[in-house]
Amino acid sequence: MAKCQRNDVGSVVFDRVSTSTAAGSHFRLCTSFSTASFRRKIFDAVSCGGSSRYRYHHDGNVGGGDGTVSSAIRSLSEIVKEREAVRPKRANVKSEKLFDLLKLESSPESKPETKKKEEVLEDFKSVVKKLQDEDLVERRAAASRVRLLAKEDAEARGTLAMLGAIPPLVGMLDLEDDESKIASLYALLNLGIGNDLNKAAIAKAGTVHKMLKLIESESSPNPSVSEAIVANFLGLSALDTNKLVIGSSGAVPFLVKNLYDPHQESSSQVKQDALRALYNLSIFPSNIPIILETKLIPFLLNALGDMEVSERALSVLSNVVSTPEGRKAISTFPNSFLILIDVLNWADSPGCQEKASYILMVMAHKSYSDRQVMIEAGISSALLELTLLGSTLAQKRASRILESLRIDKGKQISDHFGGNSSAPICGSLSSFTNPILGSAEGLEGSDDLVSEEKKAVKQLVRLSLQNNMKRIVKRANLPQDFVPSDHFKSLTSSSTSKSLPF
């Protein structure tokens with residue numbers, strides 16, 4: 001009789017034929033159970049992990065059967081594949097990431113790159129170590145090397161700072177050698193480019209006070225040293241936390257001196273850097289009283305017209321005008337309003353027009369007396385032109401100034417009629433009746449006053465349009481003897497500010 005055995009799968013039963021048979025040792029599947037039962041047993045075995053060790057490929061029938069077992073195995077493999085396809089991939093993803101990292105670490109391509117980074121790091125360490133060398137030449141060379149490394153490499157700036165390059169560079173400012181000071185200053189300047197942490201660390205290390213000490217200790221400091229100091233003030237003042245430190249340290253007079261420079265000793269670059277640094281400092285309101293103690297406001301107003309500095313000068317004035325002290329300093333300067341109103345006519349510089357209109361708008365909003373001075377200076381025609389030809393921002397600001405001036409004009413007419421808020425321009429006849437007399441004579445008198453006001457307004461509009469036309473002709477480089485046509489004259493004599501001929 002045949003003897004039954006179990007293999008390692010544990011669920012499949014085999015029938016071993018007697019060893020005395022001529023065919024040798026063979027296995028034959030028992031047919032004592034159905035195909036469905038066999039499929040279930042195979043599936044149970046695979047789900048327990050047996051599929052990886054026991055995988056059989058059949059090209060035909062197994063054990064000479066009728067093909068039902070072979071089809072069962074094929075259907076079973078399809079089920080297994082479907083389950084593996086919908087199985088969560090999270091564990092596989094993690095293992096793949098780990099595999100990639102290990103592969104990257106062991107890959108031959110990453111070794112040269114890692115070696116290169118190690119060499120760069122060792123080079124940085126060597127440079128920082130030389131900054132502390134007792135040999136002055138070595139320290140100066142190391143500072144120049146830091147300046148070069150940090151010039152265009154943001155990663156190098158952070159690495160050198162973390163390795164401790166800032167304190168020895170700041171310490172070099174105490175040396176007597178000007179070349180060492182200049183090398184140190186420009187190295188610090190480059191370390192702070194685009195790196196706020198380095199800017200804060202440089203200021204915290206006492207750089208600001210050491211630079212001012214260099215200026216004060218010499219009656220006529222080396223121009224190259226002064227230029228490097230101005231550049232450092234510009235870089236450090238870009239950080240908000242440094243603005244108060246620099247402003248209260250006494251740096252403002254030094255910057256104004258390099259900007260004002262009546263002897264023309266400072267280069268154009270130094271003046272630009274000083275003006276930009278003063279703009280950064282003027283953003284902080286606490287620095288404005290310090291700025292007003294210098295000659296900066298008169299210089300800036302007189303400098304308007306020099307297109308190299310005009311827009312930046314107007315930017316500083318835009319910050320200064322935000323405080324009452326600043327507005328007073330501007331309004332008390334002779335012809336300040338005439339200068340600013342003239343800027344409104346710079347059609348070729350929209351940025352200057354926008355900043356000048358902002359300054360005038362703030363001053364007109366805050367002070368009645370300033371509004372009166374603006375009217376006397378002839379601001380109305382310039383504002384009308386700006387509302388037509390200026391940029392969108394300049395037009396809005398010019399309109400707001402005109403609104404402030406219109407309100408003042410309405411108040412004046414209202415006061416003239418004894419405080420009646422409905423009097424002058426577009427009220428009914430009853431609104432012009434004198435509340436005291438109540439007579440026809442009073443009504444006729446009020447009508448006369450209204451007609452006078454209308455005539456004055458028409459005259460103002462006509463003059464404004466004519467002045468605008470003259471400016472447009474001048475800017476268009478037309479002949480000076482150009483005479484507007486009769487058609488244009490008729491339009492200007494009958495048009496209002498709301499229906500201009502262009």
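Student: At what angle do the axes of α11 and helix α13 cross?

Tutor: In this predicted model, the axes of α11 and helix α13 (residues 251-260) cross at roughly 120 degrees and come within 11 Å. Axes are lines fitted to C-alpha atoms, for helices over the stretch in contact, and angles run from 0 to 180 degrees between N-to-C directions. That makes α11 oblique to α13; angles under 35 degrees count as roughly parallel, over 145 as roughly antiparallel, 65 to 115 as roughly perpendicular and the rest as oblique.

Student: Which residues make the contact?

Tutor: Ser226, Ile229, Val230 and Phe233 of α11 meet Ala251, Phe254, Leu255 and Asn258 of α13, where contact means heavy atoms within 4.5 Å. By class, the contact of α11 with α13 has six nonpolar, two polar and no charged residues. Ala, Val, Leu, Ile, Met, Phe, Trp, Tyr, Cys and Pro count as nonpolar, Asp, Glu, Lys and Arg as charged, and the others, Gly among them, as polar.

Student: Now to α10 and α11: at what angle do they pack?

Tutor: Helix α10 (residues 207-217) and helix α11 (residues 223-237) pack at about 155 degrees, with their axes 11 Å apart. They are therefore roughly antiparallel to each other. Helices (H or I, at least four residues) are DSSP runs, numbered from the N terminus.

Student: Which residues in α10 and α11 meet?

Tutor: From α10 come Val208, Met211, Leu212, Leu214 and Ile215, and from α11 Val225, Ile229, Asn232, Phe233 and Leu236. The residues of this contact of α10 with α11 divide into nine nonpolar, one polar and no charged.

Student: What should I know about the numbering and the model?

Tutor: Residues are numbered from 1 along each chain as its sequence is written. Local features need pLDDT of at least 70, side-chain atom pairs count only at pLDDT 80 or more, totals for chains, interfaces and linings use all residues, and side-chain values use heavy atoms, with hydrogens and water left out.

Note on methods:
Helix = DSSP H or I, 4+ residues; strand = E, 2+ residues; numbered from the N terminus.
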